[in-house]
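The structure comes first, then the reading of it.

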Amino acid sequence: RAEVQGLLAFYMWAIYDLYAQVPYVDQKTGQNVVLSEERAINEMVRLLEDAIPNLPTKAESKSGIIFSQGAAQALLARIYLNKAVYLDRYAGSFAFNNADMSEVISVTTDLINNGGYSLAEDYFRLFDGDSDNNSATDELIFVVDCEAGLTCNRAFTAMVMSQGQFAADGGSFRGWNGFCTLPEFVDSWDTEDPRFFEENYPNEAGGIDPATYQLNRGIQVGVQYGPVPVDASGNPTEGGTFKRDANGMLVIEELKNFLRDDQVVDYAKDVELTSNQWAGARVFKYEYDTPGPGRWDTDINPVIFRLADAYLMRAEAHLRNGNADQALADVNALRTARGAALLSSIDLDGMLAERGFEFYWEAQRRTDLVRFGKFNDAWTSKPASDANKRVFPIPTNALAASSQLVQNQGY
């Protein structure tokens, strides 16, 4: 019951964060209602606080696939952190309350000190196919439980890779090409930060031992190199085996999309909506998991909550409460674990940047940009927008199904 109650609060939050209202069945009356603003917040908080004593501990959460006490605490902190936004989505500036920030600090401190979790030292291991049983497991609080042979699909990793990039020998595991990130984000990085890029083989012509081959990870910019599948005559072909030299080493060469007229795989940093297929830096954060030829299922568990978020939520709450030194200590504790250079100071712009460095490609950016007052700004191919765009329009089929739902302002 506690797990279902916690998941109810989680799904309510997911809808509420996007749409500013959530359909709900009143547990006392059995009546269909629509919750918004303080009523929605209070009910989610009530559900979580009521469930926490009966939820599984970290030891019982099976590497984060069960909604646990830690998951409830992480969600509770996220709700309090965003409460000022949720109470007035269209405000010119949000009125963050010291009491709400103190709740964030209290909840995250208990999670950090007593939850049994620890920060991973190998960042990209958090996003590998074996993340439920590797050195990074203890950071994961709540994940989507993907298991090869069941329902999860690895297309979400394939879409960031070119058709000319192959994850394994045999030529069956190639990218689809498409998703990219923006030049403003790439330019914001210290590229020495280990979270930016992990080199598993040099991005240059040469050769490597086939046993060591795995794709490079992180943000990829520029001309890409890698092994190429070939047929018996040495011609590039999908379904071939990787080209090898006389010593059996994989030949690493400039990649070309032989499925599209041998176009060089060159991820130009700058991108516009009308750009060609190569424009835009690619984000290869999750491992490209490959259970077998022709398979689209995966063991990769997409992350929902992990301990790093507790540190950065607490840091932000300290900063909004005027305690910059304590905020800096939390940020640098995380950067120490990641092997990144320590900061000498932190402000709100720096905090938003740090959240981007840590959580890119984890579906947190929209919520963060709204909370930091940046979502309506202009950026690549996007003009400045009005406050109405901070929430999504209610779909017409949902409006038709419920007389209590009201279309959001501006739609």
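**Rings, cores and a helix**

F142 is buried, because its relative accessible area is 6%. Buried means under 20% relative accessible area, exposed over 50% and partly exposed in between, with a 1.4 Å probe and protein chains only. This is a predicted model, in which local features need pLDDT of at least 70 and side-chain atom pairs count only at pLDDT 80 or more, while totals for chains, interfaces and linings use all residues. Residues are numbered from 1 along each chain as its sequence is written, and side-chain values use heavy atoms, with hydrogens and water left out.

Begin with the aromatic rings. The structure holds 21 aromatic pairs. Rings of Phe, Tyr and Trp (its six-membered ring) pair if their centres lie within 6.5 Å; planes under 30 degrees apart count as stacked, over 60 as edge-to-face and the rest as tilted. The rings of Y16 and Y86 have centres 5.1 Å apart and planes at 65°, so this pair is edge-to-face. The pair links distant parts of the chain: Y16 sits in helix α1 (residues 2-19) and Y86 in helix α4 (residues 83-87), 70 residues apart. Helices (H or I, at least four residues) and strands (E, at least two) are DSSP runs, numbered from the N terminus. Both Y16 and Y86 are buried.

F67 and F142 make another pair. Their ring centres are 5.2 Å apart and their planes stand at 80°, so the pair is edge-to-face. It too links distant parts of the chain, 75 residues apart: F67 is in the loop between α2 (37-51) and α3 (69-81), and F142 is in strand β3 (residues 140-143). F67 counts as buried because its relative accessibility is 2%. Both residues belong to one aromatic cluster, formed by F10, Y11, W13, F67, F142 and F305.

Charges also meet rings. A charge sits over a ring if NZ of Lys or CZ of Arg is within 6 Å of the ring centre and within 35 degrees of the ring normal. R89 lies over the face of Y16, at 4.8 Å from the ring centre. R320 lies over the face of F96, at 3.9 Å from the ring centre.

Now follow α1 itself. Its expected span is 1.5 Å times one less than its number of residues. At 1.5 Å a residue, the 18 residues of α1 should span 26 Å, and its end C-alpha atoms are 26 Å apart, which agrees. Buried in α1 are A2, Q5, G6, A9, F10, M12, W13, Y16 and D17. They cover an arc of only 165° around the axis, taken from the directions from the helix axis to the C-beta atoms, so they lie on the same side of α1. On the other side of α1, V4 and Y11 are exposed. Just after α1, A20 takes a positive phi of about 70°.

I15 is also found in helix α1. With a relative accessible area of 34%, I15 is partly exposed. Contact means heavy atoms within 4.5 Å. Leaving out residues up to four places away in sequence, I15 touches A20, Q21 and V22. The C-alpha atoms of I15 and F392 are separated by 9.9 Å, although the two are 377 residues apart along the chain.

What holds the interior? A nonpolar core is a set of buried Ala, Val, Leu, Ile, Met, Phe, Trp, Tyr and Cys residues joined through side-chain atoms within 4.5 Å. The largest nonpolar core has 68 residues, and those with the most contacts inside it are L48, F67, L75, I79, F305 and M351. A second, separate core of 23 residues includes V160, F166, F173 and V228. I79 touches W13, I41, M44, V45, L48 and Y86, not counting residues up to four places away in sequence.

R78 lies in helix α3. R78 is buried, with a relative accessible area of 8%. Beyond residues up to four places away in sequence, R78 touches W13, I304, F305, D309, M313 and Q364.

D262 has a positive phi of about 55° although it is not a glycine. D262 lies in the loop between β12 (256-257) and β13 (263-264), and its 44% relative accessibility makes it partly exposed. W361 is not a glycine either, yet has a positive phi of about 70°. W361 is in the loop between α10 (348-359) and α11 (365-371), and counts as partly exposed at 32% relative accessibility.
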